[in-house]
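Reader: Could you take me through one part of this model closely, the place where the two chains meet, and then show me how it sits in its surroundings? I would enjoy one connected account.

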Amino acid sequence: MTLDLQLLNMCAALLLLLSFAMLAQRRIVILVNLLAVQGAVLFAATLLLAWRTGEHHLYVSAALTLALKVIFLPWLLHRLIRRLEVYWDTETLLNITGTMLVGLLIVVFAFGLAQPISALANTATRSSIGIAVAVVLLSFLTMITRRKAMSQVVGFLSMENGLFFGAMSATYGMPMIVEFGVALDVLVAVLVLGVFFFQIREQFDSLDLHHLEALDERRSAGPPASRGAPPSSGRPPSEGHS
Amino acid sequence: MEFLLLLASPLAGALALGVFGARRWAPELNAAASLATFIAACALTARVVSEGNILAAHEQFFIDPLNVFLVTLTAFVGLTTALFSRPYMRVEAQRGRLSPGRLRLYHSMYQLFMATMLVALTTNNMGLLWVAMEAATLSTVLLVTLYRTAASLEAGWKYFILCGVGIAQALFGTILLYFAAEKVLGAEGVSALLWTHLNGVKGQLEPAVLSLAFVFLLVGYGTKVGLAPLHNWLPDAHAEGPTPISAVLSGLLLNVALYAILRCKVLAEGSLHSHLPSRMLMGFGLLSVVLGTFFLWRQRDVKRLFAYSSIEHMGIITFAFGMGGPVATFAALLHMTVHSLTKSAIFFAAGHAAQKCGSQLIEDIRGLITLSPTVGWGLMLGSLAILGMPPFGVFASEFLILTSAMRDQPWATPILLVSLGIAFAAIFRRVQPMVFGETTAHRLPHAPALLPVFAHLGLVLMLGLYIPPYLADWYRAAARLLGGP
């Protein structure tokens with residue numbers, strides 16, 4: 001096994017490790033840093049692969065990863081954290097040990113899922129497809145076990161990293177036009193979220209999502225008085241119509 | 001040329017409205033941009049009628065019988081919704097629910113949303129299709145939260161996260177699709193994601209990968225269709241956003257997402273030669289019908305009520321596509337068309353009614369017919385149409401779906417019939433007192449836009465009695481394309 005391939009495999013292992021670190025991490029600032037490191041590992045892997053295969057479009061996507069996932073998005077998220085003053089994700093829905101155990105099972109499942117794909121792939125990196133699937137599923141687990149909007153977003157972005165890594169290991173990346181489109185969408189998504197966070201905060205004075213559990217079916221099924229409790233919700237009862 | 005105009009007019013509209021969206025004439029500009037889009041769509045349709053399928057821009061965009069009527073439908077409903085939103089948004093602004101900045105956001109994003117849906121419908125590239133679907137979500141998230149109420153923020157967050165996770169699954173499916181295609185078509189250029197090329201070699205695509213890809217694509221895009229276990233975002237987003245947005249979400253976005261699934265189904269079935277994709281569509285469809293129907297009973301909010309009805313109808317359509325065969329597929333395509341027209345008409349009428357009564361709650365909306373017979377009748381006729389009363393088009397399509405279900409999948413017929421019956425009772429008992437009886441309605445400062453409501457209902461009535469030959473030809477050609485194994 002050549003050195004560059006060994007390095008690539010190490011990157012894959014690091015990505016998996018970082019996903020577990022994210023799963024266990026409660027401090028949001030560190031969570032964002034982990035995301036940035038994950039982006040950096042992804043950047044290194046893309047660069048290595050580009051050098052190994054000589055595919056030019058991989059250099060472009062490596063540059064895109066560096067600009068977007070290592071520099072811009074973490075910077076933006078850090079800025080949001082400071083402006084919104086959210087530092088801790090206080091409680092999770094499941095304790096850390098439990099989450100980790102579920103995470104282990106997920107990795108086994110992911111390798112099982114990726115088995116037929118790896119068997120068919122003819123890329124040098126086909127053994128990492130299982131890791132990519134595991135990263136996607138672990139990020140999903142991060143999203144569903146967290147309460148704070150910010151942690152969910154980090155989970156979402158990490159999931160996107162996993163998908164990107166999967167595309168890279170299985171097919172040496174998607175066509176350029178698609179990669180640009182995906183990067184644009186991710187960028188816009190985070191910008192939209194930034195706006196969104198300020199709206200949530202303005203309304204609730206917190207980014208804790210359990211404030212957002214009021215809607216549900218209760219509004220439709222409960223007694224009328226329980227609906228539209230905040231004065232701003234629902235339509236004003238009746239105004240001066242002519 | 002027509003293509004360029006079709007995609008450029010909403011984009012230009014979005015830019016212009018991003019600057020001038022708060023001016024007094026902004027609603028007219030919005031309608032004008034939608035009109036330009038509609039004219040371009042008509043020109044494109046005329047070209048397809050005379051010349052057949054079109055490929056454009058290095059095969060990145062194409063028109064075939066499966067998307068041509070959806071493009072026209074999208075442009076048409078986009079135009080009528082823009083007309084409806086003129087008085088509607090003016091009233092909202094006058095009541096102080098919207099600042100000029102938000103009005104600008106609304107107008108600009110409305111056009112952007114139209115553009116993303118048209119790109120999703122006309123693109124030949126499965127990757128671009130994904131990008132456009134995600135962009136459609138992003139352009140509407142801030143519209144759902146336009147009123148900044150607690151409930152609307154929750155709805156927006158749910159919408160963003162659920163559809164974001166869903167669409168990530170679809171991205172994984174797209175990657176797998178590319179993975180399978182690259183082996184056959186080669187990685188050179190981008191032809192490996194072009195649907196027309198994929199369709200040509202679908203028999204050689206690796207079945208194991210394609211079945212996995214289809215599962216991910218179905219779950220991913222299915223989230224946006226509002227298929228049953230993944231439908232949670234839909235009623236909230238419909239109820240909390242401004243009514244024009246509910247109308248286009250329900251009438252157009254769900255269709256576009258279903259269209260994406262259909263494209264994937266053709267490829268998956270061609271590769272698998274099995275009933276797996278059809279069975280999955282039938283399963284998800286039937287579950288949506290049943291769940292959508294049962295949630296109808298508990299609704300107190302008029303927009304939520306019709307949002308659940310959308311889930312039910314998308315379930316019926318998905319089930320029909322799953323059954324396959326020329327008749328069921330024809331009926332499903334017809335149902336897509338009439339559901340979109342009827343549901344947006346209902347949202348128009350319900351929006352005006354809610355404004356007149358100052359509440360979206362069903363119990364606060366009473367006796368519309370006394371003060372404004374036209375809105376009342378619009379809501380009544382729309383509800384009867386969506387419930388499948390003859391002679392409206394929904395009756396024709398549901399009748400065809402039920403008869404083919406009796407022939408091909410007899411076990412499902414009682415479930416469908418009971419659901420339709422329950423839906424009828426649930427909706428009718430809510431709508432009847434809203435329209436008749438003592439009134440709670442007030443006059444509005446701007447006359448409601450009734451042309452869109454009755455134009456839609458007129459078209460639905462026409463489709464129930466007579467389907468234009470070229471439309472029927474498209475449906476048949478699309479049904480052949482979707483054929484099934």
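Author: Let me start with how helix axes are treated: an axis is a line fitted to C-alpha atoms, for helices over the stretch in contact, and angles run from 0 to 180 degrees between N-to-C directions. Helices (H or I, at least four residues) and strands (E, at least two) are DSSP runs, numbered from the N terminus. Please keep in mind that this is a predicted model, in which local features need pLDDT of at least 70 and side-chain atom pairs count only at pLDDT 80 or more, while totals for chains, interfaces and linings use all residues. Residues are numbered from 1 along each chain as its sequence is written, and chains are lettered from A and ligands numbered from 1 in the order in which they are written.

Now to the meeting place.

Let us look at α7(A) against a partner in chain B. Its axis and that of helix α5 (residues 126-144) of chain B come within 9 Å and cross at roughly 10 degrees. The two helices α7(A) and α5(B) are therefore roughly parallel to each other, a term for angles under 35 degrees, with over 145 counting as roughly antiparallel, 65 to 115 as roughly perpendicular and the rest as oblique. From α7(A), the residues making this contact include A:Ile177, A:Val178, A:Gly181, A:Asp185 and A:Phe196. Among those that α5(B) brings are B:Leu128, B:Val131, B:Glu134 and B:Leu142. The contact of α7(A) with α5(B) has 14 nonpolar, two polar and two charged residues.

B:Arg148 is partly exposed, with 18 other C-beta atoms within 10 Å; a residue is buried if 20 or more other C-beta atoms lie within 10 Å of its own, exposed if 12 or fewer, and partly exposed in between, with C-beta atoms placed from the backbone.

Back in chain A, there are eight helices and zero strands, and 45% of the 242 residues count as buried. Among contacts in chain A between residues at least 6 apart in sequence, 73% join residues at least 24 apart.

A word on confidence: pLDDT is the predictor's confidence in each residue, from 0 to 100. Chain A averages a pLDDT of 79, and 82% of the residues score at least 70. Among the elements of chain A, helix α2 (residues 28-53) has the highest mean pLDDT (92) and α8(A) the lowest (42). Over residues 216-242 of chain A, pLDDT stays under 50. Where pLDDT is low, the predicted coordinates should not be read in detail.

Technical notes. Two residues are in contact if their C-beta atoms, placed from the backbone, lie within 7 Å. Ala, Val, Leu, Ile, Met, Phe, Trp, Tyr, Cys and Pro count as nonpolar, Asp, Glu, Lys and Arg as charged, and the others, Gly among them, as polar.
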